[in-house]
Amino acid sequence: MSPVEPNEDPEDDDFDPEDEDDFEDEEADEDDLFGVTSDARTICHLCGGAGFVAHPTSAVIGGVPRTVDNGRECPHCHAARKFPGLVPPV
């Protein structure tokens, strides 16, 4: 079987090779945690840059007791994920 059906017109194809590289033109996120910057910064040691830590709680779901982890804001960085400058883990 050929890749193009005999009843199909190859001109009806919507593929445009110029549209394929559009994602590279997007601006970089200014809050890029792992991007390279000229100023020093430290990723939060407690949450690892996630902005939240585990907060397991007990719950009853469907009549079955379970542990549910909704997470909570990191108490060290207050969801900022990073600190300006070099902050040693103390």
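Accessible areas are computed by the Shrake-Rupley method with a 1.4 Å probe, and for residues only the protein chains shown count as cover.

**View 1. The whole chain and its surface.** The model is predicted, so that local features need pLDDT of at least 70 and side-chain atom pairs count only at pLDDT 80 or more, whereas totals for chains, interfaces and linings use all residues. Residues are numbered from 1 along each chain as its sequence is written, and side-chain values use heavy atoms, with hydrogens and water left out. The accessible surface of the chain comes to about 7,800 Å², and 52% of this area belongs to carbon and sulfur atoms. Of the 90 residues, 11% count as buried, where buried means under 20% relative accessible area, exposed means over 50%, and partly exposed lies in between (1.4 Å probe, protein chains only). The chain has zero helices and six strands, both taken as DSSP runs numbered from the N terminus (helices H or I, at least four residues; strands E, at least two). Among the contacts with a separation of 6 or more, 46% are between residues 24 or more positions apart, a contact being heavy atoms within 4.5 Å.

View 2. Strand 3 (residues 56-61) and strand 4 (residues 64-69) run antiparallel and are joined by six bridges; strands count as paired if DSSP finds at least two bridges between them. Thr 57 has Val 68 of strand 4 as its bridge partner. Two residues lie between the strands of this hairpin, in which Gly 62 takes a positive phi near 65 degrees.

**View 3. The largest nonpolar core and its cysteines.** Cys 44, Cys 47, Val 53, Cys 74, Cys 77 and Phe 83 are the six residues of the largest nonpolar core, which is a set of buried Ala, Val, Leu, Ile, Met, Phe, Trp, Tyr and Cys residues joined through side-chain atoms within 4.5 Å. Leaving out residues up to four places away in sequence, Val 53 touches Leu 46, Cys 47, Gly 71, Arg 72, Glu 73, Cys 74 and Pro 75. The structure holds zero disulfides, a disulfide being a pair of cysteine sulfur atoms within 2.5 Å. Cys 44 is in no disulfide, and the nearest cysteine sulfur, that of Cys 47, is 3.7 Å away. The sulfur of Cys 74 is likewise too far for a bond, because the closest cysteine sulfur, in Cys 44, is 3.7 Å from it. Cys 44 is buried at a relative accessible area of 2%, and Cys 74 is buried at 0%.

**View 4. Thr 42 and its polar contacts.** Thr 42 belongs to strand 1 (residues 41-43) and is buried, with a relative accessible area of 9%. Its side chain reaches the backbone oxygen of Gly 85 at 2.8 Å and the backbone nitrogen of Val 87 at 2.9 Å. Beyond its neighbours within four places in sequence, Thr 42 is in contact with Lys 82, Phe 83, Gly 85, Leu 86 and Val 87.

View 5. Most residues other than glycine have a negative phi.

How values were computed
Polar contact = N/O pair within 3.5 Å; in protein donor to acceptor, adjacent residues only side chain to side chain.
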